[in-house]
Structure formats: C-alpha cells, structure tokens
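Welcome! Here is a short tour for anyone meeting this structure for the first time. Have a look at it below, and then we will go through it topic by topic.

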Amino acid sequence: MNRVLPKANDPCWCGSGRKYKRCHREGEGRIQPGVISPRRAVPEGIVRPEYAAPGSSGEPVRWREPLVKSPDVLARMRVAGRVAAEVLAETGAAVRPGTTTDELDAVCHQACIDRGAYPSPLGYRGYPKSVCTSVNEVICHGIPDDRPLGDGDIVNLDVTVFLDGVHGDTNGTFLVGDVDDASRRLVRVTEECLQLGIAAVQAGQPLSDIGRAIDAHAAQHRFGVVRMFVGHGIGEQFHAEPSVPHFFTPAASTVMQPGMTFTIEPMITMGTWRERLWDDGWTAVTADGRRSAQFEHTLVVQEHGADVLTVRADGKAGWAL
C-alpha cells in the first residue's frame, strides 16, 4: 500500500518526533544505496590493463601518451570501440522494470568476456563492478546493486572495454517502461547535445568549441550542464589528456589535431548542474535530486570533422536498439 506523505511541518512518518522536512523528506523518492554483490571473476586468458593485474593497487600508471595516435593504435581503437558499442547494446537490451542493476552488470560482464575483452571499470581505483549504472538523479559512476529498476526510471549504462591494449568508452541513457514526457525530453536533448558536440570537432579549432555547442543547446532547453565531470583523452590509457569540458570555458584552449582521440560525454540535468557525492566515493547525484541523462562516444579528430569509433558494425550507436 502506498504511504500518504505528511506535509513539511507535520511529524515525520517514521516516528522520530521530528518534522517531516527535517527528517525523511529530502530522501523521499530518491535513489538509495543497495547491496553490492561480490566482484565478478575474469578468466585468466583475458588480458588485463595494468591497474587490474594481480597484486595491483587499482591505481593506473600515468604516462605521457601522445595526443595524436599512431595508425596502429587507431586501428586497435576502432575494434575496441566497436566491441564497446556491441556490449552496450547487449546490456541495454536487458533493461526493463524489475531488472536489478546488478543483473545488468552480469550481462555486461559476460558480454565483455564473450568478446575476449576486459571490462575496464572493474578494479579501476577500486571500482567493484564492470559497468556504471546511473539511475534517475545519479549523474555518473553509479555502482550496480540489488535495486530493481522501476517503471518510469531512466538509467545510464557506461561501458568501457580493454581489448588488444586499448580502451573503447561509450554510454547511453535508456528508458525503463513508461517514462514521463519531461524525462523523455531530457534524454532526447542530451543525445542532441552529444551530436552537436561531435559536429563542433574541427582540426585547428580549440576544444572549447565543443563545450560552447553543448552549453548553448542545453541552455536553450533550460537544462543544466554538469561541470565536475568532463570528457577525456583515451587510448592505451583509460583516462588521459586532454580534458574536454561540456560547458564553455576559454581555458579549454587545446587545439584539435588530426589523430587526437577523446570522449565527448555530456551530462545534462533537469535542474542544477551542481553535484554531491555519496559516501561510497563514486556515486555522483544532482544536488537538487532532479534527473540527469548522459550519452558518450569515443572519437578521432580527422582533417575535417570527427570519426566516431564507438559504433557497431552496422554504424549504429550502442543505445540504438
């Protein structure tokens, strides 16, 4: 039976004696941490990144990876990007009301293994799972647990694979059952922001052009653009230079060059762009509890425009089911 919630100044329903607004109101309707299952095993034959090697602390080894990738690295990144898109599609196909985010992690984990790839998030700085599952107001880095998805939720699945020495990184936001019009609009505009950011990629221009395009489109729809988390260089390292802000800042002055690889992954919010972090050290949620959506591609800068690497063999994104 549904509980009828008290008014702000009424006694809280929990019996604490405090006013509802001072007790449980802030958390009502918001995502709460669930139970996290044990870390899933990866067969010995799957090649691991250095931070996931036996005995590793989980901290990645940082080194100055070239911004402009060699033809060999790019060829391997195309394969890893395709595999990441396939894994995202397979995991996204399992999204439905009643499915837990831990069950989605199991799907993603097995989909990586089946393709001979290592799920890059697993063990990265201690992250315990193979995919990030960010539901409703969770901006990013949500940890899969035993919470079932509810009818009307939205969930972002962030997939990265490590294959043949390189990473491929992509994510998409999926609708769970019957989703309200406002959330559908948020998801649609967020994907448009990604596409406009990609369209702004041009050799000889600063990275700030990407944030300018995304910022303008989000503002047009009265949505926020998260500032704490940005796109990043990628290749033989999971995260590398350059940083790619999704809001306009002149500080993003790095000039794009043919052969550069990075992600564009705007996080767009219904309300404030400000975030707060859960005690788990990973899960970032909107400060006001309103919903957030995200889409991501890995791409390479070309002489004219960009070539998206995280697409399936049919040329479609992993969220295009």
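R227 lies over the face of W273, at 4.5 Å from the ring centre; a charge counts as sitting over a ring if NZ of Lys or CZ of Arg is within 6 Å of the ring centre and within 35 degrees of the ring normal. The charged end of R227 also sits over the ring of F247, 4.9 Å from its centre. This is a predicted model, in which local features need pLDDT of at least 70 and side-chain atom pairs count only at pLDDT 80 or more, while totals for chains, interfaces and linings use all residues. Residues are numbered from 1 along each chain as its sequence is written, and side-chain values use heavy atoms, with hydrogens and water left out.

**Aromatic pairs**

- Rings of Phe, Tyr and Trp (its six-membered ring) pair if their centres lie within 6.5 Å; planes under 30 degrees apart are called stacked, over 60 edge-to-face and the rest tilted.
- By this rule there are four aromatic pairs.
- One of them joins Y127 and W282, whose ring centres are 5.1 Å apart with planes at 80°, so this pair is edge-to-face.
- Y127 lies in the loop between β1 (118-119) and β2 (132-135), and W282 in the loop between β11 (275-277) and β12 (284-286), so the pair ties together parts that are 155 residues apart in sequence.
- Helices (H or I, at least four residues) and strands (E, at least two) are DSSP runs, numbered from the N terminus.
- Y127 counts as buried because its relative accessibility is 2%; buried means under 20% relative accessible area, exposed over 50% and partly exposed in between, with a 1.4 Å probe and protein chains only.
- The rings of F295 and W319 also make an edge-to-face pair, since their centres are 5.0 Å apart and their planes stand at 65°.
- F295 is in the loop between β13 (292-294) and β14 (297-301) and W319 is in the segment after β15 (306-308), so this pair links parts 24 residues apart in sequence.
- Both F295 and W319 are buried.
- Y51, Y124 and F238 come together as one aromatic cluster.

**Cysteines**

- A disulfide is a pair of cysteine sulfur atoms within 2.5 Å, and by this rule the count is zero.
- C108 is buried, at 0% relative accessibility.
- C132 is in no disulfide either, as the nearest cysteine sulfur, that of C140, is 7.7 Å away.
- C132 is buried too, with a relative accessible area of 8%.

**Nonpolar cores**

- In soluble globular proteins, nonpolar side chains tend to be buried together.
- A nonpolar core here is a set of buried Ala, Val, Leu, Ile, Met, Phe, Trp, Tyr and Cys residues joined through side-chain atoms within 4.5 Å.
- The largest such core has 63 residues, and V161, I210, F262 and I264 touch the most other members.
- Elements that each supply at least two residues of this core include α2 (101-114), β4 (154-163), α4 (208-220) and β9 (261-264).
- The largest share, eight residues, comes from α1.
- Leaving aside neighbours within four places in sequence, I210 is in contact with G197, A200, V201, V244, M256, F262 and I264, where contact means heavy atoms within 4.5 Å.
- A second, separate core of 14 residues includes I46, I113, Y124 and F238.

**Strands**

- Two strands pair if DSSP finds at least two bridges between them.
- Three strands form an open, antiparallel sheet in the order β6-β10-β13, with β6 (224-225) and β13 as the edge strands, each pairing on one side only.
- Two bridges join β6 to β10 (residues 267-269), and V225 stands opposite I268 in β10.
- A hairpin joins β7 to β8 through six residues, and H232 has S243 in β8 as its bridge partner.
- β9 and β14 are antiparallel and pair over four bridges, with I264 opposite H297 in β14.
- From β9, T261 and T263 point one way and F262 and I264 the other way, and all are buried.
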